[in-house]
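Good morning, colleagues. Please take a moment with the sequence and the model before I go through its loops, its charged pairs and its core.

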Amino acid sequence: QVNDRPIARTQLKHLLTLNVNDKNAPNFYLGQLAEEDRQIDEALYFYRQVTAGEQFLPAQLRIGKLLADGGQLDLARRQLRGAAEKNPAQRAQFVIGEAALLREAKQLTAAMDVLDQGLAADPDQPDLLYESALLAERLGRQTVSETRLRKLLTLQPENAHAYNALGYSYADRNINLPEARQLIEKALQLAPDDPFILDSLGWVLHKRGKDAEALPHLQRAWRAFHDGDIGAHWGEVLWTLGRRDEASRTW
């Protein structure tokens with residue numbers, strides 16, 4: 001953690017030579033060190049030594065990512081599917097991981113198919129409902145997205161991100177704006193400091209012509225997290241308010 005990498009690597013490798021019951025953690029950390037140093041083959045070797053425990057899922061996801069980045073997307077997908085067979089309790093996370101690899105490869109329809117297959121096997125899995133709803137929105141399948149978000153809210157009525165996703169979808173499409181505001185305000189009650197929810201509230205207020213009211217929410221969101229979409233929204237509201245020099249600087 002203090003970035004003393006040579007000593008960290010030496011100590012972790014020494015730990016592997018000792019008679020300890022669980023070597024998953026040191027193997028995982030050695031994989032991280034190798035990956036950060038762009039020693040991909042060594043990183044893959046250590047990640048593959050992680051066979052159980054809390055590091056199993058992240059190690060498998062990193063293997064998949066490294067393989068996909070190296071042009072071996074099919075092998076990466078097989079890796080994650082094999083890991084899911086060994087660890088069915090975390091199957092949903094491996095499905096989401098496989099979909100993420102496809103999404104990064106710009107294969108959005110294939111990613112959606114993977115998530116749909118996961119939901120077919122486990123229709124009430126909250127993470128699959130959420131991830132598939134977001135991707136359906138990107139694909140222009142708004143009805144699918146809305147249906148899944150509403151189902152998720154039935155299953156998890158305290159899920160701030162689901163309220164926000166549905167409200168923002170309405171706001172961004174300039175429809176159902178009163179309900180959009182209600183949904184986003186409910187999300188903000190549940191997660192009052194979340195910059196993306198603050199951004200959503202500012203955006204729906206902008207869509208309703210309340211730019212002066214929207215501005216402080218967007219400013220607060222931007223201070224919390226310098227995200228491109230948040231900055232774009234802040235600039236849009238500044239521009240609408242006639243503060244065009246500030247808008248240009250923000251953009």
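This is a predicted model: local features need pLDDT of at least 70, side-chain atom pairs count only at pLDDT 80 or more; totals for chains, interfaces and linings use all residues.

K106 is found in the loop between α6 and α7 (108-121), where helices are DSSP runs of H or I with at least four residues, strands are runs of E with at least two, and both are numbered from the N terminus. The phi of K106 is near 65°, a positive value in a residue other than glycine. K106 is exposed, with a relative accessible area of 71%; exposed means over 50%, buried under 20%, and partly exposed in between, using a 1.4 Å probe and protein chains only.

Residues are numbered from 1 along each chain as its sequence is written, and side-chain values use heavy atoms, with hydrogens and water left out.

A further positive phi, of about 45°, belongs to N176, which is not a glycine. N176 is found in the loop between α10 and α11 and is partly exposed, at 39% relative accessible area.

I turn to the charged pairs. The structure holds 19 salt bridges, each being a side-chain nitrogen of Lys or Arg within 4 Å of a carboxyl oxygen of Asp or Glu. One of them joins the side chains of E98 and R77, at 2.7 Å from N to O. E98 lies in helix α6 (residues 91-104) and R77 in helix α5 (residues 73-86), so this pair ties together parts that are 21 residues apart in sequence. E98 is buried, with a relative accessible area of 4%.

Another salt bridge is formed by the side chains of E213 and R181, at 3.0 Å from N to O. Here E213 belongs to helix α13 (residues 211-224) and R181 to helix α11 (residues 177-190), so the pair ties together parts 32 residues apart in sequence. E213 is partly exposed at 35%, whereas R181 is buried at 18%. Salt bridges also link R5, R9, E36 and D37 in a network.

What of a pair within one helix? E146 forms a salt bridge with R150, their closest N and O atoms being 3.2 Å apart. Both lie in helix α9 (residues 142-155), 4 residues apart, about one turn of the helix. E146 is partly exposed at 26% relative accessibility, and R150 is partly exposed at 31%.

These two residues lead us to the packing of α9. The axes of α9 and helix α10 (residues 160-172) come within 9 Å and cross at roughly 150°, with axes being lines fitted to C-alpha atoms over the stretch in contact and angles running from 0 to 180 degrees between N-to-C directions. That makes α9 roughly antiparallel to α10, a term for angles over 145 degrees. The contact, meaning heavy atoms within 4.5 Å, involves E146, L149, R150, L152 and L153 of α9, and A162, Y163, A165, L166 and Y170 of α10.

Finally, the core. The largest nonpolar core has 68 residues, and those with the most contacts inside it are Y47, F94, L115, L128, I197 and V204. Such a core is a set of buried Ala, Val, Leu, Ile, Met, Phe, Trp, Tyr and Cys residues joined through side-chain atoms within 4.5 Å. Apart from this core lies another, of 5 residues, among them L12, L16, L30 and F46.

Key: Angles under 35 degrees count as roughly parallel, over 145 as roughly antiparallel, 65 to 115 as roughly perpendicular and the rest as oblique.
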